[in-house]
Amino acid sequence: MNRNNTRRRPEKEESGWKFWLQTIALTVAIYAVFFLLMQFVFSNDKVSGPSMQPTFENGEKLIAVRHTNLQRGDVVVLKAPDEPGSFYIKRIIGLPGDTVTSKNNKMYVNGKKLDESFLDAGSKKKEPDTSIYAGKAYSYTYNFTLSQLAKTAPEWQQRYSTSTLKKIEKTNKVPAGSYFVMGDHRTVSKDSRIIGFINKKAIVGEVKWRYWPITRWSTF
């Protein structure tokens, strides 16, 4: 009996090592795939600030998909042009070549009224008395055109050359390769009205899934 036990022990030890090596290799492979997916396919992001309320609240966690075909109305994560290392979450309003105008609290793109049903929830929420927009809905949007912003927006004057500003002033169009973005909480959002157009290369991805908090779980 002792001889038989002696013979079986190396086989058991070898089998145990194989199991652990396979487990480690599988774990490494899973982490490698997850890392590559988060680097090149998905982006894990956290909402900071009130600019997309009530669509997204401060602290909520989201998954964005990189390299999608961007459309008007999409919510995107973008690199902040005015704060290196920071990211904003905004909604695309104007595509490259679009004309953009806000009049009487309504947005017009290429001369047609834009369907902004995504602002319905915000239209029911009012700014506090301490706000400069006291009593106005979150969705309230002051009048502007791209032409006017090219003439008056201070950060636009800093970001763009005189020739670029003149062209925007003349055409009222979003430049090629750029997007005009806005927050759903229009009265507080720091968006393209202030910081200017967003280059396509600065867009990290399109928001597709809110996974936290669980009570607000939803896809987009």
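Q: In this predicted model, which strand holds Ser218?
A: The model is predicted. Ser218 falls within residues 218-219. That run is strand β12.

Q: Is Ser218 buried or exposed?
A: The relative accessible area of Ser218 is 17%. Buried means under 20%. Ser218 is therefore buried.

Q: Leaving aside neighbours within four places in sequence, which residues is Ser218 in contact with?
A: Contact needs heavy atoms within 4.5 Å. With neighbours within four places in sequence set aside, the contacts of Ser218 are Lys208, Trp209 and Arg210.

Q: Which strands stand at the edges of the open sheet of four strands?
A: The sheet runs in the order β7-β6-β5-β8, with antiparallel pairing. Each edge strand has a single partner, so one side of it is left without a neighbour in the sheet. The edge strands are β7 (112-113) and β8 (144-145).

Q: What is the bridge partner of Lys103 in β6?
A: Strand β5 covers residues 100-103 and β6 covers residues 106-109. These two pair in the antiparallel sense over four bridges. In β6, Lys103 is partnered by Lys106.

Q: Which element gives the most residues to the largest nonpolar core?
A: This core has 18 residues, and those with the most contacts inside it are Leu146, Trp156, Phe180 and Phe197. Elements that give two or more residues are β6, α2 (146-152), α4 (162-171) and β9 (178-182). The top contributor, with three residues, is α2.

Q: How many residues are in the other core, which includes Val76?
A: This core lies apart from the largest one. Among its members are Val76, Leu78, Val181 and Ile195. Its residue count is 13.

Terms used: Residues are numbered from 1 along each chain as its sequence is written. This is a predicted model: local features need pLDDT of at least 70, side-chain atom pairs count only at pLDDT 80 or more; totals for chains, interfaces and linings use all residues. Side-chain values use heavy atoms; hydrogens and water are left out. Buried means under 20% relative accessible area, exposed over 50%, partly exposed in between (1.4 Å probe, protein chains only). Two strands pair if DSSP finds at least two bridges between them. A nonpolar core is a set of buried Ala, Val, Leu, Ile, Met, Phe, Trp, Tyr and Cys residues joined through side-chain atoms within 4.5 Å.
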